[in-house]
Amino acid sequence: MAKFNKRTSAPSKSSKYYYSDNIFYQCGYGMPNCTCYAWGRWYELLGSKPKLCTSNAENWYKFNDGYKRGSKPKLGAVAVWRKGQVGVSSDGAGHVAIVEEVYSDGSFLTSNSAWGGTNFYTRKYSGNYNNGSYIFLGFIYLPIEFEEDQKVETPTPIKANKTNVQLACEVWAGKHGNGD
């Protein structure tokens, strides 16, 4: 099994996966662009060029590339959204992103790029996975099993309050004396 390396920062402009050797980049549709990014991320994870769709994002889910599809997030999967009617680019071209982390509650973290916008960003999805006017279609799964392909606990924010602060002070005072 392969080890999954989560991407939380933009790829280098010298990376062949996202730039010089990327089919979208070569055709003039380089980053920022979700399809260029997702295709490049799979290229990076697979170590070879993927057979993913090379048209608008919303067309990726129904494209016959031989990869399995499903409704549950997995590490490295392509998450696919449509905007408007699939195959009608005049009403929107959809969005694709890569699943970088999966949480025990079914939510997941994606890495993304946005056509004509942000070069790289991450976003957490939960619930029905829709994103405004973008409707979630499903996941395209990498043909790789990752040793860390398991659900991690959903991060719980730590709330500072008087009790926690008092407790910390008491613990510190107990270890360091009372200052006398």
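User: What is the place of N33?
Analyst: N33 sits in the loop between α1 (23–26) and α2 (34–46). Helices here are DSSP runs of H or I with at least four residues, strands are runs of E with at least two, and both are numbered from the N terminus. This is a predicted model: local features need pLDDT of at least 70, side-chain atom pairs count only at pLDDT 80 or more, and totals for chains, interfaces and linings use all residues. Residues are numbered from 1 along each chain as its sequence is written, and side-chain values use heavy atoms, with hydrogens and water left out.

User: Why does N33 count as buried?
Analyst: Buried means under 20% relative accessible area, exposed means over 50%, and partly exposed is in between (1.4 Å probe, protein chains only). N33 has 5% relative accessibility, so it counts as buried.

User: What makes the pair of N33 and T35 side chains a polar contact?
Analyst: A polar contact needs N or O atoms within 3.5 Å; within protein, one must be able to donate a hydrogen and the other to accept it, and residues adjacent in sequence count only if both atoms are side-chain atoms. The N33 and T35 side chains meet at 2.8 Å, so the pair falls inside the 3.5 Å limit. A polar atom of the N33 side chain also lies 2.6 Å from the backbone oxygen of Y29.

User: Which residues is N33 in contact with, leaving aside neighbours within four places in sequence?
Analyst: S113, A114 and W115. Contact means heavy atoms within 4.5 Å.

User: Why does E147 count as partly exposed?
Analyst: Its relative accessibility is 44%, so E147 is partly exposed. E147 is in the loop between β6 (134–140) and α3 (162–176). Leaving aside neighbours within four places in sequence, E147 contacts M1, A2 and K3. The C-alpha atoms of E147 and K3 are 5.6 Å apart, though 144 residues separate them along the chain.

User: What makes β4 and β5 a pair?
Analyst: Two strands pair if DSSP finds at least two bridges between them. β4 (residues 108–112) and β5 have 5 bridges, in the antiparallel sense. F108 stands opposite Y125 in β5.

User: What is the order of the 6 strands in the open sheet?
Analyst: It runs β1-β6-β2-β3-β4-β5, with antiparallel pairing. β1 (69–70) and β5 (121–125) stand at the edges with a single partner strand each, so one side of each has no neighbour in the sheet.

User: How do you know that β3 is largely enclosed by the rest of the structure?
Analyst: 7 of the 8 residues of β3 are buried, so the rest of the structure largely encloses this strand. In the sheet, 4 bridges join β2 to β3, and 4 bridges join β3 to β4. H95 in β3 faces W81, while E101 has L109 in β4 as its bridge partner. β3 and β4 form a hairpin with 5 residues between them, and G106 in the turn has a positive phi of about 90°.

User: What makes a set of residues a nonpolar core?
Analyst: The members are buried Ala, Val, Leu, Ile, Met, Phe, Trp, Tyr and Cys residues joined through side-chain atoms within 4.5 Å. The largest one has 39 residues, and W42, W60 and F139 are among those with the most contacts inside it. α2, β2, β3 and β6 each supply at least two residues of this core, and the largest share, 8 residues, comes from α2. W60 touches residues including F24, L52, V78 and I140.
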